[in-house]
Amino acid sequence: MSMDEAQKALNARVRKLSVVLGISIAFFIVEISIGFKTGALALIADAFHYLNDIVSYVIALVATLLSRKGSGPIGYTFAYRRAEIVGAFFNASFLIALALSIFLQSIERFINVEEVDHPLWVMIVGCCGLALNVVSILVVHEHSHDHQKSSFPDEPLDLELSRIKAAAASPSLRGSAAPLNVDHSQHHHAHQSEKEKKDTNRNLGLLGVLVHLLGDAINNIGVIIAAAIMWKTSSPHRFYADPAVSLIISLLIFLGAIPLARRSSRVLLEAAPKNINPELVREDLMTIPGVISIHELHLWHLTESDVLASFHVHVNVHDIEGWLPIEKELRSCFAAQGVTHVTISPEFDTVVDNTGTGGGRRGDGDICDPTCSVVPS
């Protein structure tokens, strides 16, 4: 994704969040007023859900604005790339706390049932809320489901591969490092299904907002049903509909918030992507000619779409010329896995003189770093 495209995508995200935030603030004022006027717990619970949404939307909006900055304070070498992930995690945390609060209030209302005044007002507010949520969902839904290309530019990898190819083709190196014939069709990444290869690169900031909106829409439907029961029936038990709907609302909030919390925390804890098995990656790398061992292999998410990797590789070559074709194949394997940035620490075999006569032999267990300083294994 070019810088212009990334900037346009971020600007669109800010506009969408701003629209949803404006709608939520306006409706919250109306709903909380009617909720306290009528005494409907379902309406009050939904209103405080909206208040929580407003806070969450502000977090998502601020996180998005921060993620647009190309650089952060001193020490923030990745700038604010994870700002939206942090926002999504707090978003989910607030939802879980809110759901617990509504759940406890619903239980209390079952014990001490209270009458609801003007159930028709409750129904009207529920219908208005549902309509506004549908509009907000349409605004956010398309963008949150776009599979964004990595915001961590691919250019460094492309330039690195170009450098490797250019170096391998240069007259000074030509003939000293023959290209490797690696059959990548036998690697595990070649046998992955399209579903496994296509990571769900949805924006977690907007995904958190979408979870809120879907939960709000379901809440509104519950409010409408409860209001209809209290309005149209004359049973003395009709007011149980209010805490019953509130209880269902709390459970639905739990169901939406917990997966979001798990997904965002997985990124924050730098777990490997679900569709990439580090052990299978290691097996693929070990099949490349010249590779002796792979160690300190790490795979993790920087953001939901940026996957990083780093590892040490011990190779049976003695210099940069022999290393270049191996490096090219190693990077190709990671590119096929969808890894956007790779840091490789090669360890070379070296020739040392242990006889004192000038003759050289391979040192037992000695390896060499890229600058060819001997590092005892």
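Predicted model: local features only at pLDDT ≥ 70, side-chain atom pairs only at ≥ 80, totals over all residues.
Let me start with a pair of helices: α9 passes α10 in a right-handed crossing, where right-handed means that the near helix is turned clockwise from the far one by less than a right angle. The contact itself, counted as heavy atoms within 4.5 Å, is made by Val281, Asp284 and Leu285 on the α9 side and by Leu330, Cys333, Phe334 and Gln337 on the α10 side. Of these residues, five are nonpolar, one is polar and one is charged. Helix α9 spans residues 278-286 and helix α10 residues 320-337, and they pack at an angle of about 145° with their axes 10 Å apart; the axes are lines fitted to C-alpha atoms over the stretch in contact, and the angle, on a scale from 0 to 180 degrees, is taken between N-to-C directions. Helices here are DSSP runs of H or I with at least four residues, numbered from the N terminus.

Residues are numbered from 1 along each chain as its sequence is written, and side-chain values use heavy atoms, with hydrogens and water left out.

Now to the charged pairs. A search of the whole structure finds five salt bridges, each being a side-chain nitrogen of Lys or Arg within 4 Å of a carboxyl oxygen of Asp or Glu. One of them joins Asp242 and Arg109 at 3.0 Å, N to O, and this pair links distant parts of the chain, with Asp242 in helix α8 and Arg109 in helix α3, 133 residues apart. Both Asp242 and Arg109 are buried, that is, under 20% relative accessible area with a 1.4 Å probe and protein chains only, where over 50% would be exposed and anything in between partly exposed. Arg109 and Asp242 also belong, with Glu114, to a network of salt bridges.

Another salt bridge is formed by Arg82 and Glu270, at 3.4 Å, N to O. Arg82 lies in the loop between α2 and α3, and Glu270 in the loop between α8 and α9, 188 residues apart. Glu270 counts as partly exposed because its relative accessibility is 41%.

Arg331 counts as buried at 8% relative accessibility, and Glu327 counts as buried at 5%.

Note on methods
Helix = DSSP H or I, 4+ residues; strand = E, 2+ residues; numbered from the N terminus. Nonpolar A, V, L, I, M, F, W, Y, C, P; charged D, E, K, R; others polar.
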